[in-house]
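Please examine the sequence and the structure shown below.

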Amino acid sequence: MLTEKLEQLKALFAEMEQALIAYSGGVDSTLVAKIAYDVLGDRALAVTAVSPSLLPEELEDAKIQAATIGIKHKIVQTNEMDNPNYTSNPVNRCYFCKSELHDTLKPLARNLGYPYVVDGVNADDLHDYRPGIQAAKERGARSPLAEVGVTKLEVRQLSQQLSLPWWDKPAQPCLSSRFPYGEEITVTKLQRVGRAEIYLRKLGLKNLRVRSEGDTARIELPLEQIKEFVLTTDLQQVVSAFQEFGFIYVTLDLEGYRSGKLNQVLQPQASGVKA
């Protein structure tokens, strides 16, 4: 089944003949870039959009991974932070982010002679709250993984099968996802969240989030790691570091890390029940 899906992806790119990949450096878009390059060679181009919502470390990873694959790699700037519809952080914030991204990539692709812009949306993403997918579709982007029905788990399985060393890389959505809907996003806030997460990763932690609410940082770790973190980490040193980054209060989420946790407020709203 997995081999069949891989062949379908290859056939899809063969039909395209040329493609520009919206490439963040995450596992999904990197798999798309790898397959596109294997099929198209120099007729495939990976493009990474840089803005304050992307960690510098993520950009470096993207560069290294693209070089390892061999695909041509281009970096562009996006300006979603100039859009108040984005910085006011509404529930459909991602729509405005992806609108900016694809409004940048579509004319770039046209000017460089690439008939298709493709992204790393997978089949599971279609069942989550992802307003950015609509923005991409409106601008004609294609999602090969979703078209073929490749799930998130299968993305990692295929990446491992293709000997990509980052097949188990933790998901790393943009830093704006660390803020509750309705709280204004600023460059300063993004930077302090980014610095806080980098600090924790240097302690050896991988799957984590630092959620920012006002002046409070809420650390999310996998549930099974919380006890060890509390017992073996100099907590006062963590607090001091976070305060240097600009936070006043530092807390630990006892529920543990869960991707998309801030979206849980949308469920009562959708049913007409106030949170």
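In strand 2, which residue is the bridge partner of Leu20? The bridge partner of Leu20 there is Leu45. The model is a predicted one, in which local features need pLDDT of at least 70 and side-chain atom pairs count only at pLDDT 80 or more, while totals for chains, interfaces and linings use all residues. Residues are numbered from 1 along each chain as its sequence is written, and side-chain values use heavy atoms, with hydrogens and water left out.

**Paired strands**

Helices (H or I, at least four residues) and strands (E, at least two) are DSSP runs, numbered from the N terminus. Two strands pair if DSSP finds at least two bridges between them.

The bridge partner of Val47 in strand 3 is Lys74.

Buried means under 20% relative accessible area, exposed over 50%, and partly exposed in between (1.4 Å probe, protein chains only). Because 6 of the 7 residues of strand 2 (residues 44-50) are buried, this strand is largely enclosed by the rest of the structure.

**Individual residues**

Asn89 lies in the loop between helix 4 (84-87) and helix 5 (93-112). Asn89 counts as buried because its relative accessibility is 0%. Contact means heavy atoms within 4.5 Å. Leaving aside neighbours within four places in sequence, the contacts of Asn89 include Phe179, Tyr181 and Ile185.

Thr233 is placed in the loop between helix 10 (223-232) and helix 11 (235-245). Not counting residues up to four places away in sequence, Thr233 touches Leu203, Glu228 and Val238.

A polar contact is a pair of N or O atoms within 3.5 Å; within protein, one must be able to donate a hydrogen and the other to accept it, and residues adjacent in sequence count only if both atoms are side-chain atoms. Two such contacts are listed below.

| Side chain (polar atom) | Backbone oxygen | Distance |
|---|---|---|
| Asn89 | Glu183 | 3.2 Å |
| Thr233 | Phe229 | 2.8 Å |

Val250 belongs to strand 7 (residues 249-252). Val250 counts as partly exposed because its relative accessibility is 24%.
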